[in-house]
Amino acid sequence: MEPLIQSLAGLRWQDIVDILLNSYILFRLYVLFRGTNVIRMAIAIAMLWILERMAMSMGLIVTSWAMQGIIAAAALIIIIVFRNEIAGVLQARSFKSFFWGIPQRQIRTPIEIIVESVYELARLKLGALIVLPLKKGIETVVHGGVSWQGKLSREMLLSIFWHGTPVHDGAAVIQGDQIVEVAAILPLSKSNDLPAHFGTRHRAAFGLAEKTDALVIVVSEERGEVTVFKDRVIIIIKDSIDLDRVLREHAGTEPAANGTRQQTMELGLAAIICLVGITGIWFSFARGFETFVTLEVPVEFMNRGPKMELLATSASSVTLQLSGSGALVRSVRPDQVKVKLDLANAVAGSNQIAIARDSIVLPPGIALKQVEPQVLAVNLDVMDQKKLPIQPDWAGKLLAGLILQDVRIIPDMVKVMGGSLALKDIQTIYTEKIPLENITTDGKISVGLVLLPSYLKLDDESQNHVEVFYKIARRPPPSGDNNK
Amino acid sequence: MKIPFRKLCFIVSLAVVFDAPDAAWSQEVSVPSSGPALVKAVMCESIQKLTPDNQAVVFSIDLGRISCFTEFDQVVKQTVIHHKWYHRGNLISAKQLTLNPPRWSSFSSMQLRDADKGPWQVDVTDESDKLLYILRFSVTD
């Protein structure tokens, strides 16, 4: 209990928004697809996933793998088998209905209009086949229909089944207060138990009633009889009151208040399940068993002065110890973690800059445990330039009896750029080592310049070599006086 | 003997070049507007009879000791100068030397150790630490 309270107390407002947003998305998907086969398959997949997690936690390796395979296949099957149903749901909805409101399915079928129309058709002896789907979809068994999307009315139904119209031969499919499809071809029943006087229209109605939960009304063209087929049951309708009762039973119609209450309860329950489910998933991701990870992150230096140059730092990267749930820690990418040091208050010279918590950018749900090092030494300097004399750096041993009497360098000065503090301590630029061993007479040699520290630069990079002219003299023999 | 004017000019110009080798070759000088005038500043292997012996810009470590010789004119009163010895830019020794009127020579020396190889310079400054001259040289094997 205590860990749960701690977890709830540690929730940020972003976490609450995260949970509510995803719960709402899940709820909206339920609202859009409820009553279809897709939602039933999705619930089945969710159950399989829970079983898979349980199998995994119990160490049932093969079962867990099998479940994973079934889930993957089921997801594919849903998309392939129910593609028409998915497309129908998505196409039938307006853009607004994806985010708000209850879909049109909730509009009740005007039973009175159907009853009145059916008996008008019977009186006129116009053959008719009317399908009222319930919860199972009929898209997989009904083919060849013409999309209609017309508001249901007595005149409309009479027109559809009037002799000679192009669509009078098939079935009309009614959903809510809409005729959604006409001239639909239903699967014929292969049953031998049907009465002999039943024609093709009756056999098609029975075929659909065998395979789905839809109710099918048939109006006989010859006798003007009305027959209803539902769940392999044939109901001979005696009068309009009888038809009204059967239709209301099929639609589960109660008084309006009861229907609204049932719908509210259904949606409320769905909303609670969505909220609980998403909260559970969120906690399993964000507040699972704490896992630690250590990352080496490069340091980014920001807001240094426009003339400031970053000369050196005690470290170019820092080691961060991070914690979080296993799933989140494993998903952390190096580019999601940043260490940004603000140099706005840094001055020329050595600065000790603490790596504060707000200098570290972490992905949501990841906590910082430790930083190493906690302070960085950062050397900054203002860029400057200075004209310095050049001195040759002789090395080796001059031949005995010779004296290197004088030297001249062209050019003898060079302009050097670098940090002002570094330049302040530098009075001379030295050449590369000039070997003395091969020097016997006056001459000249071209040598490069050595710039230390390495961040010093020549103002003119082409001047990195100088000419050194030298004069050699012979050592005079020791005088007698000196020996004395 | 009659010397043509153009030839005379050439000889005079040559004399100027060779008579002031320090300024033209390796040394930097800052001539004070008043006070003692530095007339000579050289590095040498030794001082013999108050004169520099074997002036050079490269010295072997085997010599064991080298000297910096300076000569001043127009010394109107007793004053002091400094020889500041630097090895690779680091001050190793600063020696104060006294000058007496009217003309005076002075020198300072440095005992050489194996670690002293590399480029050196001696800054000659007056009593107010004004830089008069820089001598640059190297100590090698």
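Buried means under 20% relative accessible area, exposed over 50% and partly exposed in between, with a 1.4 Å probe and protein chains only. The model is a predicted one, in which local features need pLDDT of at least 70 and side-chain atom pairs count only at pLDDT 80 or more, while totals for chains, interfaces and linings use all residues. Residues are numbered from 1 along each chain as its sequence is written, chains are lettered from A and ligands numbered from 1 in the order in which they are written, and side-chain values use heavy atoms, with hydrogens and water left out.

**View 1. Aromatic cluster in chain B.** One aromatic cluster is formed by Phe59(B), Trp85(B), Trp120(B) and Phe137(B). Rings of Phe, Tyr and Trp (its six-membered ring) pair if their centres lie within 6.5 Å; planes under 30 degrees apart count as stacked, over 60 as edge-to-face and the rest as tilted. Over all chains, the whole structure holds seven aromatic pairs. In one of them, the ring centres of Trp85(B) and Trp120(B) are 6.3 Å apart and the planes stand at 80 degrees, so the pair is edge-to-face. Because Trp85(B) belongs to strand β6 of chain B and Trp120(B) to strand β9 (residues 118–125) of chain B, this pair ties together parts that are 35 residues apart in sequence. Both Trp85(B) and Trp120(B) are buried. The rings of Trp85(B) and Phe137(B) also make an edge-to-face pair, with centres 6.0 Å apart and planes at 80 degrees. Phe137(B) lies in strand β10 (residues 131–140) of chain B and Trp85(B) in strand β6 of chain B, so parts 52 residues apart in sequence are tied together. Phe137(B) has 2% relative accessibility and therefore counts as buried; for Trp85(B), the relative accessible area is 0%. Helices (H or I, at least four residues) and strands (E, at least two) are DSSP runs, numbered from the N terminus.

**View 2. Arg88(B) and the ring of Tyr430(A).** A charge sits over a ring if NZ of Lys or CZ of Arg is within 6 Å of the ring centre and within 35 degrees of the ring normal. The charged end of Arg88(B) sits over the ring of Tyr430(A), at 5.7 Å from the ring centre. Arg88(B) is placed in the loop between β6 (79–87) and β7 (90–99) of chain B. Its phi is positive, near 50 degrees, in a residue other than glycine. With 35% relative accessibility, Arg88(B) counts as partly exposed.

**View 3. Arg408(A) and the ring of Phe469(A).** Here the charged end of Arg408(A) sits over the ring of Phe469(A), 5.2 Å from the ring centre.

**View 4. Two cis peptide bonds in chain A.** Glu372(A) and Pro373(A) are joined by a cis peptide bond with omega about -5 degrees. Pro373(A) is in the loop between β14 (367–372) and β15 (375–395) of chain A. The bond from Ile410(A) to Pro411(A) is cis, with omega near -10 degrees. Pro411(A) falls in the loop between β16 (402–410) and β17 (413–419) of chain A.

**View 5. Positive phi at Asn303(A).** Asn303(A) is not a glycine, yet its phi is positive, about 60 degrees. The loop between β8 (290–302) and β9 (308–313) of chain A contains Asn303(A). At 47% relative accessibility, this residue counts as partly exposed.

View 6. Two strands pair if DSSP finds at least two bridges between them. β2(A) runs antiparallel to strand β4 (residues 178–184) of chain A, and four bridges join them. Lys151(A) has Gln178(A) in β4(A) as its bridge partner.
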